[in-house]
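Here is a short briefing on a predicted model. Look over the sequence and the fold before reading on.

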Number of protein chains: 2
Amino acid sequence: MYLRALTALAESGIRTCSSEDLAVAAGVNSAKLRKDLSYLGSYGTRGVGYDVDYLRYQIAREIGVTQDWPVVIVGIGNLGHALANYSGFRSRGFRVVALLDADPHVHDELVAGVAVRPFDDLEAIVAEHGVAIGVIATPAVAAQNVADRMVATGITSILNFAPAVLAVPDGVDVRKVDLSIELQILAYHEQRKAHDAGDPAAVPGVEEAAL
Amino acid sequence: MYLRALTALAESGIRTCSSEDLAVAAGVNSAKLRKDLSYLGSYGTRGVGYDVDYLRYQIAREIGVTQDWPVVIVGIGNLGHALANYSGFRSRGFRVVALLDADPHVHDELVAGVAVRPFDDLEAIVAEHGVAIGVIATPAVAAQNVADRMVATGITSILNFAPAVLAVPDGVDVRKVDLSIELQILAYHEQRKAHDAGDPAAVPGVEEAAL
DNA sequence: CGGATTTTGTTCTCGCGTTCACAAACTCCT
DNA sequence: AGGAGTTTGTGAACGCGAGAACAAAATCCG
């Protein structure tokens, strides 16, 4: 987030910023920002602030964005299509080296200039490109099988868009993104707003139940 | 998450489950699960566990999934297309009532059976359907403007996929999903794995810097 | 019917992340 | 050169969520 905010500042022509400026741009508290940055080192100057470009480089180096990361996407449905075309990946150092799908109907189709290949090509592709990061955009039922195959080929980081809990061995990182759960959380707050304004007793709320 | 896990259990024909079973299915600690459920009320039976269907209904009612939520999606690029087609929304009570885009080139195009309309139709659509939830899938530069217009029309919950920090008045909820930040977090851990295994001194790590 | 067993609901404790607050350090201006 | 004004880096306090642990309650079985 800080890196993104710094990039935005740099594009506005700003060379230097205070922790307060950057905190506002990133949407966090300035004390938290300073503490976070202090874990990387002392890259600011007291009385002045931070040099935007210098800090940007330091953060980019620390989080590994300076390198190029080959990525494999499995499951080329609606979401897989969107991910393959998502420009934010390439611009942040991620290169989609292969699109895989178990369904032969989509094989050889070109998505974002990359041909869709059979899922069984996974091992060869991972070995060829040294892929460490895999993206799962399959239906929930297929996710665990895909994850197992990924782990077996040596992938150690998985981004999971399937609504399923994945079991993986120690040493493998999994991050889960669930689009509809985000909407559900908003709907929950919406419902509470409506009931709090109207008839608070209509639905037993969390606050009441917790007392 | 619990609701999803319960649905999966129900589809497996399981009528009753313990907090431990459900915790495993949801990928959390069983004590945490019991505490979470206790905020809704005492829906379990000691010595037996939870009735899957009953608990499922209670959670669905509490989080508002039993109602139908009309949703507007603004920004019909790659991501907007995928979101409009995403089946997980409809199956969880969300109905996409309109797709809006500022670009006239995509107007009247049919996406998932819904015609893309001009962004200026926002007010009319929100009023007509009583929309409370908006989804922003535009580029970052357009996001704040879209959010302002949404708030002005009475939308009080926003799901933001644009990589930008949104400023909204009190009473409006914003949730942010950033696809590439998730990949960046994985890449960071990948980098640390590589350096910890090889030459730990090559990159100053957080642990060392924190000491 | 009563003890053994199972499982929930809840209390207590621990650890962690966030925020406050302030000393150290740097710049600017006279 | 020196004081006034800024801003960072960090120690201390706070709040909160997670996990361990246990009492209460229900079932099972002899």
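In which sense do strand 5 (residues 94-101) and strand 7 (residues 114-118) of chain A pair, and over how many bridges? They pair in the parallel sense, over three bridges. This is a predicted model: local features need pLDDT of at least 70, side-chain atom pairs count only at pLDDT 80 or more, and totals for chains, interfaces and linings use all residues. Residues are numbered from 1 along each chain as its sequence is written, while chains are lettered from A and ligands numbered from 1 in the order in which they are written.

**Sheet**
- Chain A has an open sheet of seven strands, ordered 6-7-5-4-8-9-10, with mixed pairing.
- Strand 6 (110-111) and strand 10 (173-176) of chain A are the edge strands, each pairing on one side only.
- Two strands pair if DSSP finds at least two bridges between them.
- Strands are DSSP runs of E, at least two residues; helices are runs of H or I, at least four; both are numbered from the N terminus.
- L100(A) is opposite R117(A) in strand 7 of chain A.

**Annotated site**
- An unreviewed UniProt entry lists G75(A), I76(A), G77(A), N78(A), L79(A) and G80(A) under "binding site".
- Such annotations may be inferred rather than shown by experiment.
- I76(A) sits in the loop between strand 4 (69-74) and helix 5 (78-85) of chain A.
- G80(A) belongs to helix 5 of chain A.

**Burial**
- I76(A) is buried, because 24 other C-beta atoms lie within 10 Å.
- G80(A) is buried, also with 24 other C-beta atoms within 10 Å.
- Buried means 20 or more such atoms within 10 Å, with C-beta atoms placed from the backbone.

How values were computed. Buried ≥ 20, exposed ≤ 12 C-beta atoms within 10 Å, placed from the backbone.
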